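Please keep the sequence and the model in view while reading.

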Amino acid sequence: MKELERARWRCRRGLLELDIVLQRFVDKHYEKLDEEELGQFEALLDLADADLWDMIALRETTDNNVEPVLRLLRAV
């Protein structure tokens, strides 16, 4: 449970749009992610807000290593 709470804390961002998308993602998908997907999610959370939002909004090309989790984020 600590990891879930840590993830929720890391999802608090400077952009309201990211806050909403990331919190919904955590609520819906986080507990179902496997180890690889958790690593992808952590890598996405390491990005700057603007870069992450551009990837979610399809304004920027993505690294194929994070594409599976990014698809889930876009579906939220």
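The side chain of E42 makes a polar contact of 2.3 Å with the side chain of R10; a polar contact is a pair of N or O atoms within 3.5 Å, where within protein one atom must be able to donate a hydrogen and the other to accept it, and residues adjacent in sequence count only if both atoms are side-chain atoms. The model is predicted, so local features need pLDDT of at least 70 and side-chain atom pairs count only at pLDDT 80 or more, while totals for chains, interfaces and linings use all residues. Residues are numbered from 1 along each chain as its sequence is written, and side-chain values use heavy atoms, with hydrogens and water left out.

E42 belongs to helix α3; helices (H or I, at least four residues) are DSSP runs numbered from the N terminus. A second polar contact, of 3.4 Å, links the side chains of E42 and R6.

The pairing of R10 with E42 is also a salt bridge, with the closest N and O atoms 2.3 Å apart; the term denotes a side-chain nitrogen of Lys or Arg within 4 Å of a carboxyl oxygen of Asp or Glu. Because R10 lies in helix α1 and E42 in helix α3, this pair ties together parts that are 32 residues apart in sequence. R10 also meets D46 in a salt bridge (2.6 Å, N to O). D46 lies in the loop between α3 and α4, so this pair connects parts 36 residues apart in sequence. R10 is partly exposed at 21% relative accessible area, whereas D46 is exposed at 59%; buried means under 20%, exposed over 50% and partly exposed in between (1.4 Å probe, protein chains only). Salt bridges that share partners join E3, R6, R10, E42 and D46 into one network.

What does the interior contain? The largest nonpolar core has 21 residues, and L22, Y30, F41, L44 and L73 have the most contacts inside it. Such a core is a set of buried Ala, Val, Leu, Ile, Met, Phe, Trp, Tyr and Cys residues joined through side-chain atoms within 4.5 Å. At least two residues of this core come from each of α1 (2-10), α2 (16-29), α3 (35-45), α4 (49-56) and α5 (67-75), and α2 supplies the largest share, 5 residues.

Leaving aside neighbours within four places in sequence, L44 is in contact with L52, M55, V66, V69, L70 and L73, where contact means heavy atoms within 4.5 Å. L18, in helix α2, is buried with a relative accessible area of 0%.
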